[in-house]
Amino acid sequence: MKTLIKSLLISKDLSDLSALPAFCQDNSIELVAQSFISFEALPFDSHLSPSVIFFSSIRAAEFYLAQVSLTINCEIACIGSKTAEKLKAKGLHISFIGEPAGEPAIVAEQFKTWLNGRKVLIPSSEQSNRSIAQTLPVSQVEELIIYRTVAKPLTISPCAVNVFTSPSNFLSFIQKNSLESNQTIIAWGKTTEKAIRNAGYAVNITLTYASEEELVEVLGRE
């Protein structure tokens, strides 16, 4: 694929990327790194004392931990190795890491088994897809809305390859842009794929592990 790519859009800011910019430079690919969303903190009850907490993204963790100090007895669970790495960098121990990150339905079943009937607190966005929570009995999960995702629609020059890293990014993108059949669409996991297909677009590639390294590997295939 790499020899055919002239331009690539990814719905992440350049500061959030590591491997992709170097790959694009080495292969003479014009990289457009642009997030189409921003985030706002919401007030929430910070007096809860969960025994298990599940973070579906590093952003959920950052908004929660900005107001709450976890107790020593609280076990931390998360989805994906990248979120786990960022949490570990904050000095946190992760008891459960769900993989593959791009397959939340699989992670949800893994987590349900690991949880073994215990209750869990899941801090999330106002626009959460509830991939984990909806798999658990209502009595077993407490959902806590701690931030909202805000669309930042921008007009972008058409790119040959378009990588959408979340449903919110994609939905914000199509407010001011369209996609043609000759443009390649890559989804950052099954949840993003579903949002794209629901909007009437075909998805060419769906990442399994939803990581930058996997994306570079996919782009580098002949």
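Setting aside neighbours within four places in sequence, Q127 is in contact (heavy atoms within 4.5 Å) with R148 and T149. This is a predicted model, where local features need pLDDT of at least 70, side-chain atom pairs count only at pLDDT 80 or more, and totals for chains, interfaces and linings use all residues. Residues are numbered from 1 along each chain as its sequence is written, and side-chain values use heavy atoms, with hydrogens and water left out.

- Q127 sits in the loop between β7 (120-125) and β8 (141-151).
- With 35% relative accessibility, Q127 is partly exposed (between the limits for buried, under 20%, and exposed, over 50%, using a 1.4 Å probe and protein chains only).
- A polar atom of the Q127 side chain lies 2.8 Å from the backbone nitrogen of T149.
- The C-alpha atoms of Q127 and T149 are 6.6 Å apart, although 22 residues separate them along the chain.

**E193 in its helix**
- Look for E193 in helix α6 (residues 190-198), where E193 is buried at 13% relative accessible area.
- Beyond neighbours within four places in sequence, E193 is in contact with A187, V203 and T206.

**Helices α1 and α7**
- A19, L20, P21 and F23 of α1 meet E212, L215, V216, L219 and G220 of α7.

How values were computed. Helices (H or I, at least four residues) and strands (E, at least two) are DSSP runs, numbered from the N terminus. A polar contact is a pair of N or O atoms within 3.5 Å; within protein, one must be able to donate a hydrogen and the other to accept it, and residues adjacent in sequence count only if both atoms are side-chain atoms.
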